[in-house]
Amino acid sequence: MILQGRTAIVTGAGSGIGRAGSEAMAREGATVIVTDRDLDAARRTVEDIVDAGGRAEAGELDVTDDAAVAALIG
């Protein structure tokens, strides 16, 4: 597991490439912070990651909101 002990923040992770990337990083041992403008979609991604044995948390995030991005990283 090449990402064991790491944390990954993924935007747009409720679907598509962001979701696939989140799942791949979780399989490699990362704790994934799954963010999307659609919180329910982010939660579904987290549910799938956790069901597969990974670690993840969901959050609502609009990447066009600089303050929200800074708060997430901080």
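User: Where does Gly5 lie, and does this residue count as buried or exposed?
Analyst: Gly5 lies in the segment before E1, where strands (E, at least two residues) and helices (H or I, at least four) are DSSP runs numbered from the N terminus. This is a predicted model, in which local features need pLDDT of at least 70, side-chain atom pairs count only at pLDDT 80 or more, and totals for chains, interfaces and linings use all residues. Residues are numbered from 1 along each chain as its sequence is written, and side-chain values use heavy atoms, with hydrogens and water left out. Because buried means under 20% relative accessible area, exposed over 50% and partly exposed in between, with a 1.4 Å probe and protein chains only, the 69% of Gly5 makes this residue exposed.

User: What distance separates the C-alpha atoms of Gly5 and Glu28?
Analyst: Along the chain, Gly5 and Glu28 are 23 residues apart. In the model, the separation between their C-alpha atoms is 9.9 Å.

User: Which residue in E2 is the bridge partner of Val10?
Analyst: Strand E1 (residues 7-10) runs parallel to E2 and is joined to it by four bridges, where two strands pair if DSSP finds at least two bridges between them. Within this pairing, Ala8 stands opposite Val32. Val10 has as its bridge partner in E2 Val34.

User: Which residues form the uncovered face of E1?
Analyst: In a regular strand the side chains alternate between the two faces of the sheet. In E1, Ala8 and Val10 make up the covered face. The uncovered face is formed by Thr7 and Ile9.

User: How many of the six residues of strand E2 are buried?
Analyst: On one side of E2 are Thr31, Ile33 and Thr35, and on the other are Val32, Val34 and Asp36, with both faces covered. Strand E2 (residues 31-36) is largely enclosed by the rest of the structure, because the number of its six residues that are buried is six.

User: What is the relative accessible area of Val34, and how far apart are the C-alpha atoms of Val34 and Glu60?
Analyst: Val34 has its place in strand E2, and this residue is buried, with a relative accessible area of 0%. Val34 and Glu60 are 26 residues apart along the chain, while their C-alpha atoms are separated by 8.5 Å.

User: With which residue does Arg43 form a salt bridge?
Analyst: Arg43 counts as partly exposed because its relative accessibility is 46%. With the closest N and O atoms 3.8 Å apart, the salt-bridge partner of Arg43 is Asp40.

User: Which residues form the nonpolar patch on the surface?
Analyst: Patches are made of residues with over 30% relative accessible area and no salt bridge, with like charges joined within 9 Å and nonpolar side chains (Val, Leu, Ile, Met, Phe, Trp, Tyr) within 5 Å. Leu72, found in helix H3, counts as partly exposed at 32% relative accessibility. With about 270 Å² of accessible area together (Shrake-Rupley method, 1.4 Å probe), the patch consists of Ile9, Leu72 and Ile73.

User: Which residues form the negative surface patch?
Analyst: Asp and Glu count as negative and Lys and Arg as positive, with His and the chain ends not counted. Asp65 lies in the loop between strand E3 (55-60) and helix H3 (66-73), and this residue is partly exposed at a relative accessible area of 38%. The negative patch is formed by Asp38, Glu60, Asp62, Asp65 and Asp66.

Methods. A salt bridge is a side-chain nitrogen of Lys or Arg within 4 Å of a carboxyl oxygen of Asp or Glu. The place of a charge is taken as NZ of Lys, CZ of Arg, CG of Asp or CD of Glu.
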